[in-house]
Amino acid sequence: MNDTRSSIQPSAFVIAAPRSGSGKTTLSLGLMRALSRRGMSVQPYKCGPDYIDTQFHRVASGNDSINLDTFMSSHAHVVSQFERHICGQDAGIVEGAMGMFDGYDRMKGSCAEIASLLGLPVVLLVDSTSSAYSVAATIYGFRNFRPDIKIAGVVFNRVASETHFAFLRDACLDAGAECFGYFRRNTGLQTPSRHLGLSLTAMEEMDAFINASADAVSENVDIDRLLEATRYLRADKSADCSDDYDLSASRMSLTIAVARDEAFNFIYPANIDALRSHRRYDVTVKWFSPLSDRTLPMADIIYLPGGYPELYARQLEANGSMRASIRDYVEAGGRLLGECGGMIYLGRDIDGAKMCDVLPLSVTMADARLTLGYRKVDMPGLTLRGHEFHYSRVTDDKDCQSIAVQFNAKGKNVPTPVYRHKNCIAGYTHLYWAEQDILKLWDL
């Protein structure tokens, strides 16, 4: 931690933009790495359910990124997650999603709602492509549409020249907003594909991009002024930042093994925290790799999160020992939760590559079409919320029955199933259970 900032309030802000594709990820990652280079501790956050950008945040900052989502969790939970993780940090950076006011129902679920809920200022990133002084109207509109949400200042992206920036800076000032700086137009500064998996090569490519983004931020953004303008005045360094649960009571022990490697890594950190802080069980979390480990670890519950099994299908197929271990575990009555990529791995095959053959279904990437959206999942004895995001599709699941009814954010029924075989429960939806007792799925 930077000693020069340890005795003052942290800075915290939301990075938002008028629309998607403006460069929010570039600015977010660049700032995270630039501050980390200064020796500052940075806590990253992501508005919404995204589990890919959060992994890039960790590469940039060294800290787990926390999802802030008002569909999947309550307002109180969002506030508690933010305040718990900002404690002891020098800065909190919240990367927005889509346009600033774009939510699942008007502004609900938007980064504007998160900024309002947490009392955070917004750093507005404006794409200046093919525009100059006219951006004043855009900035003025965003400042005044919801005056209760403070726009701390503006950063411009894709600026062609110093002359271009002079027009933009004048526009910013005349719109009543502070200008923190800009990114030059740089065709070489392109975000790597979000769907390359987490191989060593992909991570090296991402790290190089983050370093280039940090260089660009440091060159033309007034970082010191941005930090000064975004002090988080509600944060109290003298407050107790510890969790509010009591772990002193005698509780039964429970071991949960979680898959985590290049093929399985779409994990909400708050879900794992909720397991570790369970009020009735003393939970131990173990990590394992379906790619490289030969057998399952000893555990009471197995969790197979989503990820990229389609990119590693042949490697997963080659590890027959692990596939047999999972199949034997389930057939013996073992409890298992599989989500999206985890569900795919539990099926017979994906495009011919053999999987665990626990669930009587096959999966293909042929004619891939994106399916995505928020989900409310009603299951016997438990209602959960989550997010569905996949390009694959299930084929030949006629011998499977769904144990759940799912609804989208508008309350409309969607056909996405949740399968159950013995104590194995699996489906496409990535579940967020930080406020729910996931162990109720098995009557624990």
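Modeller: Happy to! Let me begin with the words we need: two strands pair if DSSP finds at least two bridges between them, and the strands themselves (E, at least two residues) are DSSP runs, as are helices (H or I, at least four), numbered from the N terminus. Residues are numbered from 1 along each chain as its sequence is written. This is a predicted model, in which local features need pLDDT of at least 70 and side-chain atom pairs count only at pLDDT 80 or more, while totals for chains, interfaces and linings use all residues; side-chain values use heavy atoms, with hydrogens and water left out.

Here is the sheet. Five strands form an open sheet in the order S21-S20-S17-S18-S24, with antiparallel pairing. At its edges are strand S21 (413–414) and strand S24 (430–432), each of which pairs on one side only. As background, strands of a sheet pair through backbone hydrogen bonds, either parallel or antiparallel.

Let us start with S17 and S18, which run antiparallel and are joined by nine bridges. Tyr374 has His387 in S18 as its bridge partner. The two strands make a hairpin with two residues between them, where Gly381 takes a positive phi near 80°.

Lys376 stands opposite Phe407 in S20.

Next, the surroundings. Leu370, Leu372 and Tyr391 make a nonpolar surface patch of about 260 Å². A patch is made of residues with over 30% relative accessible area and no salt bridge; like charges are joined within 9 Å, and nonpolar side chains (Val, Leu, Ile, Met, Phe, Trp, Tyr) within 5 Å. The accessible areas come from the Shrake-Rupley method with a 1.4 Å probe, and for residues only the protein chains shown count as cover. Tyr391 is placed in the loop between S18 and S19. With a relative accessibility of 35%, Tyr391 counts as partly exposed; buried means under 20% relative accessible area, exposed over 50%, and partly exposed in between.

There is a charged contact to visit as well. Asp367 forms a salt bridge with Arg393, their closest N and O atoms being 3.9 Å apart. Asp367 lies in the loop between strand S16 (362–364) and strand S17 (371–379), and Arg393 in strand S19 (residues 393–395), so the pair ties together parts that are 26 residues apart in sequence. A salt bridge here is a side-chain nitrogen of Lys or Arg within 4 Å of a carboxyl oxygen of Asp or Glu. Asp367 is exposed at 65% relative accessibility, whereas Arg393 is partly exposed at 36%.

By this rule the count comes to 23 salt bridges. Another of them joins Asp127 and Arg19, with the closest N and O atoms 2.7 Å apart. Asp127 sits in strand S5 (residues 122–127) and Arg19 in the loop between strand S1 (11–16) and helix H1 (24–37), linking distant parts of the chain, 108 residues apart. Here Asp127 is buried at 14% relative accessibility, and Arg19 is partly exposed at 43%.

Conventions. Buried < 20%, exposed > 50% of the residue type's maximum accessible area, 1.4 Å probe, protein only.
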